[in-house]
Amino acid sequence: MIAQQLINALTLGSVYALFALGFTLVFGVLEVINLAHGAVFMAGAYAALLLVTKANLNIWVALPLAMLASGALGLLIDQIVLKPLRGRRAHHLMPMIATIGAATLITNAAQGIFGAETSRFPLGTIPEESFQIGTIRITELQIAIVIISFLLMLLLMVILKKTRLGKAVRAVAENPQTSYLLGINVEGVFRLVSFTAAALGGGAGVLIGLSFNAIFPFMGQPLMPKGIAVIILGGMGDVRGAMVGGLFLGVAEVMSVAYLSSDYRDAVAFGLLFLILLVRPSGLFGRVLERKA
Amino acid sequence: MTDDLQVFWATYNTLVYTVGVHAMLALSIYLTLSCGLLSLGNAAFMGIGAYTAALATLRLGLPFGEALALGGLLPGLVALVIGIPTLRLSGVYLAMATLGFGEVVRVVFLNLEITGGSMGLNGIPMKTQLWHIVAILVVLVYGFVRLRRSKIGRAFEAIKEDETAAKAMGINTTSYKLLAFVLGAIIAGVAGGLNAHFTFFVSPREYGFDPAVDILTGAIFGGTGSFVGPMVGSAILAILPELLRFLKAFRLAVNGLILILVVIYLPNGIWDRKLFARLRRKGSA
């Protein structure tokens, strides 16, 4: 029983982690709480659906293409909405409000185009094989979701830690002005991060769309407070923290459904968030970033 | 003419009430913002106020005035209790903690028997009248005008500009922050109580993440330079979907577009005194 729950938790948690990773990346580098991330997540799922139904592609071919499409959307949001606000002495919440506008625009445009009803992948899209190990049942889809999520996270970690590019990204996250003086293409890094973050968010959207087989315009909304909870758990802007935080939230949710009551699922997650903030405001891995005057 | 007015009132009275309630919520978040606190708990406080006032009317049969008072009092008490530990946080962390608190409150509403679960409370009698909303708004506006030049108002401003410096000047920052937080919660609670008594029902969905973000959006959209901006901004955001009704399914999409354009081209919000001054100079020249 508990092993089965852990597997479910791992699947859900790895998608949360993937979602939160893009979220935390944008916060860490661009210092924007990107509330359009849920809309990009939804767009990724719809892109995969269109590729599967209209272009008759295999879902595993459609997934990377959908990630590219949502990455492009993220880049578009950055260029149109966030770029004009950079370097301006506006209220520091203005970029966040602008992303709310972008989220409203994208979500409602999707509703106008696809309708409010739930769309599903056609039969045979989703691998339905499953393995029985003792009393535990694992589906092929669950394995694929966990492997894909972890591969993507690992790839991101390696790029950030081991490559020159990753070094540049970390430098910009630390201080954009100094990075600019050191000859780093700061705007380029911003664009790259916006693209990558959105691609990861869109990928998470495809995986959630597959595992629940339900795609609808507002599917990104419940993910937003969860994404925020995850990056608080892990520490704002911390990549490793987002991964651990996502898995942790997955476990907390699945376990509270299994052993408490499904009604209190969200309260458990946010109760934890609330407690962690009070005890350790910088998250599990975060550093204290508070500026003293 | 009076017929036209009557038709207009019959069609739009709920909208007018909504604009009034949103203006109150805008003031409640402005109060915390003016003290440098980014709190996203106002939707939750509004919810606590709405449920409390509605239950006072439905179960206890209290008169409207007392129900509203309870609807302000309980959120104020809750704010006092959670404010003491929470207000040690600042900036984005405070925003997230209050958001987490809001989600917990929403789930509690969803699961308690007395709050009617996911169905919420129905059949709340129509008690709110226009003059209630107007009177409360007038009192609040008078209060905010007086606040600006008072000791408390100056303390809020000092804390907002630089908390460390304010502390060094001998301002008891903790208690002033708590005061702003509790007062904001009371205003939001009363707004919730008023809202419940003209929409006839309360449900947990109205007080989650999205409304919390909406309240903040209205305030920033209007501009947080003075208390007028948030009221104007939230009123416009409440009316806009009605004006854009002809766009049907895409009307909220246009709402989003307008929000983006305002943020990009009017960075200090719509109600920007400096912008007005500049326009006036241009007009006279």
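Q: Are B:Tyr17 and B:Phe198 buried or exposed?

A: A word on the model comes before the answer. It is a predicted model, in which local features need pLDDT of at least 70, side-chain atom pairs count only at pLDDT 80 or more, and totals for chains, interfaces and linings use all residues; side-chain values use heavy atoms, with hydrogens and water left out. Residues are numbered from 1 along each chain as its sequence is written, while chains are lettered from A and ligands numbered from 1 in the order in which they are written. Buried means under 20% relative accessible area, exposed over 50%, and partly exposed in between, with a 1.4 Å probe and protein chains only. By that rule, both B:Tyr17 and B:Phe198 are buried.

Q: How many aromatic pairs are there over all chains?

A: A pair of aromatic rings is described by the distance of the centres and the angle of the planes. Rings of Phe, Tyr and Trp (its six-membered ring) pair if their centres lie within 6.5 Å; planes under 30 degrees apart count as stacked, over 60 as edge-to-face and the rest as tilted. The count by this rule is 14 aromatic pairs over all chains. In one of them, the ring centres of B:Tyr17 and B:Phe198 are 5.0 Å apart and the planes stand at 70°, so this pair is edge-to-face. B:Tyr17 belongs to helix 1 (residues 2-33) of chain B and B:Phe198 to helix 8 (residues 173-199) of chain B, so the pair links distant parts of the chain, 181 residues apart. Helices here (H or I, at least four residues) are DSSP runs numbered from the N terminus, as are strands (E, at least two).

Q: Why is the pair of B:Phe45 and B:Phe101 tilted?

A: The ring centres of B:Phe45 and B:Phe101 are 5.4 Å apart with the planes at 40°, so the pair counts as tilted. B:Phe45 sits in helix 2 (residues 42-58) of chain B and B:Phe101 in helix 4 (residues 91-111) of chain B, so the pair ties together parts 56 residues apart in sequence. B:Phe45 is buried at a relative accessible area of 1%, and B:Phe101 is buried at 7%. In chain A, ring pairs link A:Phe19, A:Phe23 and A:Phe41 into a cluster.

Q: How many residues of chain A are in contact with chain B?

A: Contact means heavy atoms within 4.5 Å. On that basis, 44 residues of chain A are in contact with 41 residues of chain B. Buried area is the accessible area (1.4 Å probe) that two parts lose on being put together, summed over both. Between chain A and chain B this area is about 3700 Å², and carbon and sulfur atoms give 77% of it. Salt bridges (a side-chain nitrogen of Lys or Arg within 4 Å of a carboxyl oxygen of Asp or Glu) number zero between chain A and chain B.

Q: Which helix gives the largest share of the side of chain A that touches chain B?

A: Helix 4 of chain A gives the largest share, 13 residues.

Q: Where is B:Val92, and what is it in contact with?

A: B:Val92 is in helix 4 of chain B. Its relative accessibility is 25%, so B:Val92 counts as partly exposed. Leaving aside neighbours within four places in sequence, B:Val92 is in contact with A:Phe27, A:Ile33 and A:Met236.
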